[in-house]
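I'm going to pick one residue, look around it, and then step back to the whole chain.

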Amino acid sequence: MLSALTGLLFHLSTLFRVDAWFGALFPLPVVIAAARHGNAAARRVAVVTTLLLFVLSGPLRAANYVFLHGAMAVALGSLWNARAKWIVTVPASAAVRSAGIFASLAFSSLVLKENVMKLLVTQMFGLLDQIAANVGSTASPTVGGVWCCAVFFVLLNSLSYVAILHAVYAIVLRAVGGVDPEYVNAPDKVKQVLGVPVNG
């Protein structure tokens, strides 16, 4: 049921191009499975969702789900099952998502027979060069510098996305049946900010 829900939601949101609005929901069923039944159940939900998306949407979208949401959700569930603190779970799951973003770009390049990452960096280089010319600067960005900026922004995007996910799930998972209210293991100060009851 969790796999069917995720697959349908992901398929419809990408079909109608509203996936940016539901980004926080895609990892949720895998995390719920991890919280209720353990890491093996989380992996099964991710695999079945991928197979459903492969049938519904094709290999590219199925791969995008795995790389951008599935792998990170499995890692997040495993870390929370191990009762890891946020100082570990946030950077670790962000690293998994960052690796997934690069893997998604590599897979897209393979399917489309075009180096997508190189194309993005080239476009960014041209944009920065034009901005420098418009403001009258004689400095010109280097390709290596643009690559570093691209990697930095991917890491920053992943870190902010995962941090928001932690905050949202600290609230949402308290209302889900069969899940320990303290499953997300949020720090007391974060609970106070979010309005979540603090133990003790």
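This is a predicted model: local features need pLDDT of at least 70, side-chain atom pairs count only at pLDDT 80 or more; totals for chains, interfaces and linings use all residues.

**Entry 1: around S108.** I looked up what S108 touches, skipping its neighbours within four places in sequence, and got contacts with L60, N64, K113 and V116. Contact here means heavy atoms within 4.5 Å. S108 sits in helix α5, which covers residues 86-112. Is S108 buried or exposed? I found S108 to be buried, because its relative accessible area is 11% and buried means under 20% (exposed is over 50%, partly exposed is in between, with a 1.4 Å probe and protein chains only).

Entry 2: Residues are numbered from 1 along each chain as its sequence is written, and side-chain values use heavy atoms, with hydrogens and water left out.

**Entry 3: the whole chain.** I counted eight helices and zero strands. Helices and strands are DSSP runs numbered from the N terminus (helices are H or I with at least four residues, strands are E with at least two). The C-alpha atoms fill a box of roughly 60 × 45 × 25 Å along the principal axes. Of the 200 residues, 40% are buried. Among contacts with a separation of 6 or more, 67% join residues 24 or more positions apart.

**Entry 4: empty space.** Rolling a probe the size of a water molecule over the atoms shows where empty space is left. My terms, on a 1 Å grid over the protein atoms alone: a cavity is a set of points where a 1.4 Å probe fits but cannot get out, a pocket is an open set with protein on both sides within 12 Å along at least five of seven lines, and lining residues have an atom within 4 Å of a point. Grid points are joined across faces, edges and corners, and a volume is the space filled by probe spheres set on the points.

How much space lies in the largest pocket? I got about 310 Å³. Of the 17 residues lining this pocket, F10, D19, L68, H69 and R97 are the closest to its centre. Helices α1 (2-15), α4 (59-81) and α5 each supply at least two lining residues, and α4 gives the largest share, with four.

I then found one cavity of 30 Å³ or more. The largest cavity holds about 40 Å³, and its lining includes A170, R174, P181 and K191.
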